[in-house]
Amino acid sequence: MSEAKQNASDARRLVVVSNRLGNIRDMSQAGGLAVGVADALAQRGGLWLGASDEYYDSAAGDEPLIRVERLGKIEMAALALPREEYSLYYNGYANSTLWPLFHYRLDLVKHQREFLQAYRQINARFAKALAGLLSGNNDLIWIHDYHLIPLAAELRRLGVGNRIGFFLHISFPPPDLFVATPDHEELIDDLLQYDVVGLQTETDLANFRRSVETTNSISFDIKGATEAKGRAVLSRSFPIGIDVDSFARMANDAAEDVQIDSMRRQILGLKQIIGVDRLDYSKGLPGRMQAFARLLERHPEHERAATYLQIASPTREEVSAYAEIRSQLEATAGSINGKYADLAWTPIRYIHRAVPRSRLAGLLRASQVGLVAPLRDGMNLVAKEYIAAQDPGDPGVLVLSRFAGAAEELAESLIVNPYAVDEVADAIAKALKMPLEERTARHGALLKRISRNDAAEWRRSFLATLAGEG
Ligand code: ADP
Ligand code: G6P
């Protein structure tokens with residue numbers, strides 16, 4: 001892209017919409033989306049609209065309740081929403097219908113008419129709020145994730161003709177699964193109201209395009225463009241990345257107690273396998289613990305010589321499938337520890353809470369194996385964070401599920417099928433024994449790739465495409 005073109009797109013105000021608003025004041029706790037978006041906003045200025053964490057209970061009329069806060073060049077707009085309706089939208093349609101569907105879990109999908117109604121009403125509320133905040137039709141609008149699929153359609157209904165882009169942070173299912181939802185035609189019609197639809201990987205992109213073809217009998221050309229109801233729509237993949245340098249710096253400045261814990265293990269000759277995730281059924285957490293137990297059975301030399309640390313933060317606890325996965329995981333950890341632990345060695349350490357990012361970075365660096373084995377994942381930023389956190393002179397090894405979006409880019413990790421427990425156990429054993437030369441070669445290649453495809457490149461390429469320059 002030429003310098004002049006870059007400047008042309010940068011001159012347009014950026015308007016970002018996501019369900020959850022990032023905390024611009026304290027980005028130390030933020031993950032990929034929040035950091036990527038906040039950087040873009042900090043550079044060029046703009047507006048970020050999201051749901052407020054304050055709700056109202058009584059009918060407060062139809063006018064949107066928005067609290068706008070200005071922080072330098074950025075305006076943060078928090079939209080207050082009705083509590084009951086928000087719950088049907090967030091716990092209901094977003095996380096009990098779309099999340100399981102898009103993660104290939106038809107068995108967990110719940111269909112309720114009230115979920116869909118609330119989903120559409122909340123999106124209409126977002127649209128009304130946003131329409132009142134736009135400064136003209138030159139604003140570039142960038143909408144994020146599955147909570148807000150109908151937002152462009154609602155905005156178009158209000159007469160908004162701006163360029164609107166959508167990025168889906170999670171995977172897109174193949175058409176045979178997608179059409180299992182009775183609402184699939186509506187969802188596709190909604191997606192075709194965007195100018196640009198961005199997916200994480202080539203697999204998701206192909207699934208999306210085939211789902212459009214199956215549903216609407218229209219196809220995409222070789223550049224990913226199509227025309228639907230007289231509108232041009234472009235679909236592309238934009239794999240999301242992380243800010244590699246800042247994560248590496250955090251990992252290098254690990255907290256004192258993390259360093260002491262790591263020194264203690266070094267002295268005892270103990271190696272650490274680490275997993276870091278939200279406690280979500282898509283992450284395959286019980287399977288990972290079973291794979292660790294199989295490691296101890298198939299490779300008994302690792303008894304008392306390896307520990308598995310799983311940090312799993314609480315998430316979406318009002319949704320029943322999440323309560324179930326929590327008890328299942330606790331039972332699995334308990335039974336493995338019951339079988340193997342002795343006074344001097346706890347095989348699995350399981351922490352059910354969020355850990356500050358700087359601490360997390362230090363823990364990833366202090367672990368010889370990063371175990372990232374989701375059953376399905378849009379990208380999985382932890383895989384990239386694990387690579388960024390390593391000491392390049394003595395790096396650990398990433399064991400990565402083939403069903404994480406990150407596997408498309410991170411071929412030099414040990415790629416595994418998370419459903420094949422013995423295969424995962426053997427890959428962990430291989431990682432624990434891998435010679436330094438092979439570890440540094442694999443890590444060097446991975447680090448180069450995540451540095452090239454970082455958060456800045458993700459947002460630059462998406463916004464250039466949205467501005468019609470990509
Ligand atoms: P998802 O978006 O499905 O949660 P990702 O791996 O793509 O999965 O992103 C998760 C982000 O949240 C990462 O930046 C990761 O470091 C962070 N994270 C996950 N679990 C924890 C935890 N227990 N404590 C702190 N941060 C966490
Ligand atoms: C995934 C989704 C995000 C979501 C995040 C945390 O990364 O793609 O949209 O914000 O999980 O989930 P939560 O429900 O807590 O926002």
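A polar contact is a pair of N or O atoms within 3.5 Å; within protein, one must be able to donate a hydrogen and the other to accept it, and residues adjacent in sequence count only if both atoms are side-chain atoms. This is a predicted model, in which local features need pLDDT of at least 70, side-chain atom pairs count only at pLDDT 80 or more, and totals for chains, interfaces and linings use all residues. Side-chain values use heavy atoms, with hydrogens and water left out.

**View 1. Polar contacts of ligand 2.** Oxygen atoms of ligand 2 lie 2.5 Å from a polar side-chain atom of Tyr90 and 2.5 Å from a side-chain N or O atom of Asp145. For Arg316, the distance between a side-chain N or O atom and an oxygen atom of ligand 2 is 2.9 Å. The protein buries 74% of the 370 Å² that ligand 2 exposes when taken alone (Shrake-Rupley accessible area, 1.4 Å probe).

**View 2. Residues surrounding ligand 2.** Arg20, Tyr90, Asp145, His147, His169, Ile170, Arg278 and Arg316 surround ligand 2 (a heavy atom within 4 Å).

**View 3. The fold around the site.** The protein has 17 helices (DSSP H or I, at least four residues) and 15 strands (E, at least two). Among contacts (heavy atoms within 4.5 Å) between residues at least 6 apart in sequence, 78% join residues at least 24 apart.

Definitions and conventions
Residues are numbered from 1 along each chain as its sequence is written. Chains are lettered from A and ligands numbered from 1 in the order in which they are written.
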